[in-house]
Amino acid sequence: MVALPGSIETENRRSVAGRRRWTSSDEAKGLTLISPTLLYALALLFLPVLIVIAYSFWSQDYLTIDRSFTLENYRIALTEPIYRDLLWRSLTISLAVSVITVVFSYPVAWFISFHGGVHKNLWLFLITVPCWTSYLLRVMSWKVILGYQGVLNTGLMSTGLIDKPVASLLYNSNAVIITLVHSWAAFAILPIYVSLEKIDRSLIEAAHDLGDNKLWSFLRVTLPLSLPGVISAFLIVMIPTVGDYVTPKLVGGKDGVMIATAIQAQFGKGANWPLGAALSVTTMVIVSAMAGCMVLALKLFVRRIK
Amino acid sequence: MADTPMIEIDAVSRYYGIYRALDDVSLDIAAGEFFSLLGPSGCGKTTLLRSIAGFDTPTSGDIRIDGQSAIGLPPNKRPTNMVFQNYAIFPHLNVEENVGYGLKRLKLDADDERRRIGNALEQVRLAHLGKRKAHELSGGQRQRVALARALVMRPKVLLLDEPLSALDKKLREEMQVELRTLQKAVGITFVLVTHDQYEALAMSDRIAVMFGGRIAQVATPKEIYQHPLTRQVADFLGGMNFMQAKITSESAVNLSVETTRFGNVTIAKPKGFTASNGQATIGIRPERLRVLWDDAKADCEVTGHVVDRHYFGEITHLIVEVPGLEKPLSVSETNNFGADDIPVGAPIRLAYDPDALVAMAS
């Protein structure tokens, strides 16, 4: 056999070596490690979302789906007063829930991180205890607390602060907010705690050394440096609560109905999947935009302080 | 030394449970002095520094800064500023904002503030890096930012907690000179904590050597190196050849001792000296022993033979066994005359000056 031109042989060898180098690179190892999760996520998250987006541009023709492209669903979703109101209410409730949750969770996280001493892990463990029971049960127990003959009303009556039960505790948006804040508190405390733990304590000492009292060193050092945790807490709480279905259903009454109920109705009784899909997509887009705005606003707020 | 000390440490003790971090420490530091607290880790030097800064409160005793008792004053109310061991540069602020951090509380007008930040950065030669973020700085630059941030506050006392320990050797030596120059220029009292004896010797006006929460000796670098009061101090500050000697007579200030190989000598009696069994610990630094070449003569000589040799570039350490001494002598000789070529096993004569012998309390 005639000897192959040297260049081709080296080229071959080089490309084999190149391939081998890539398969043993960190990047390849990393991709291999995440591939089960990645494939799982792609199959169960990305594809359904694509299907939902596709549906939102189609229309329902009694029992069949008309696959011609239309924006009619989005027109309904954005202009029909009922959907606009529901969406607006969902957004305000989720915003209120995330603000209240973060405001209540921050001091808890701060206390555990700065004054938890040797019991830090015990405190964190105690915070996760409510999550051991089913979400449904926790929401139900708020019905017991907030109800007309509930724990709160009977308790207040026995102390003589009120003489007949307050009817406005349950079945409205306040009840939804109270319940959601409680359900999501642990998920807000943990990221804030982690970011507080990461703060080098000598930075706070340096702030004191340079003339700050406790309040100022908190505002100028601790708070800005824990901002990543605050932002994650915000997003972790805000994004899922917009679409929460169970809590408004159980404690919201007719004043506490949120967009998820309407979406469910379109996919169920309403039998209008394309409209349900358009409502879902609209909600997703608006939530993403709102999340982005919140992140920006928090960053601006902190920049103002320093 | 000025009449009123800048810092007066008055019988300060600090207990953590039953552990004594500071044990009845008293110390005066003069205004404008470069003072070092030197000792091994866990000796209480950092606790003492943090007590001056206000981050730690003594269990008993008083700390006065510029005549005012500082006990109960939080760090932000004290006329001291600190350079932290890890520099504690605020990661979310740039260099200028870091340096200006403390000025914000003083409510200066904007021009004045900018001028002071500029001057401070000038002082540490970082004026060109004002907009850099903390994570874009090298170790040496972070250290300068920490210095500028403290100096811009114009404190009466600057406290430095092992400020050079995180730097590599070359940069550390540069910064030693620079810190010393800076201190002379600003005239502020510097209190430095370090475990590096060379750093303390090179930079300080005076050094306090600490062991186990107590102060073993306070003196100038030269005094502390040449006349260590205790064996521990001598050992911590460089090498020392220790030997036992018999006391023949003892006065209030002097000791006459009889040694096995260094003859009969009279040496200064250290403070707090007590004889044990009529014996005293005496010592001589390795560099005070000099190799005698060929037929050179000296008034005082010891003879022995080389048992080991360690090469250090500019110097060589010779380990010389001398008959009658319980331990071989360590000799530090420059390599100018070929000390690095002396073979192991060779006989050797060493010259010494009897004045170089010191007595130490055990």
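Two residues are in contact here if their C-beta atoms, placed from the backbone, lie within 7 Å. Welcome to a predicted model, in which local features need pLDDT of at least 70, side-chain atom pairs count only at pLDDT 80 or more, and totals for chains, interfaces and linings use all residues. Residues are numbered from 1 along each chain as its sequence is written, while chains are lettered from A and ligands numbered from 1 in the order in which they are written.

**Helix H3 of chain B**
- Helix H3 (residues 110-123) of chain B has 14 residues; helices are DSSP runs of H or I with at least four residues, numbered from the N terminus.
- Ile117(B), Ala120(B) and Leu121(B) of H3(B) are buried (20 or more other C-beta atoms within 10 Å of the residue's own, these atoms being placed from the backbone).
- These three residues cover an arc of only 100° around the axis, so they sit on the same side of H3(B); the arc is that of the directions from the helix axis to the C-beta atoms.
- The buried residues of H3(B) pack against helix H2 (95-99) and helix H4 (139-151) of chain B.
- On the other side of H3(B), Asp111(B), Asp112(B), Arg115(B) and Glu122(B) are exposed (12 or fewer such atoms).
- Just after H3(B) comes Arg125(B), with a positive phi of about 60°.

**Where the chains meet**
- On chain A, 15 residues are in contact with 19 residues of chain B.
- H9(A) gives the largest share of chain A's side, six residues.

**Domains of chain B**
- Chain B has domain 1 (7-227) and domain 2 (239-360), with bounds from an automatic or database domain assignment.
- Their C-alpha centres lie 38 Å apart.

Methods: Helix = DSSP H or I, 4+ residues; strand = E, 2+ residues; numbered from the N terminus. Expected span 1.5 Å × (residues − 1).
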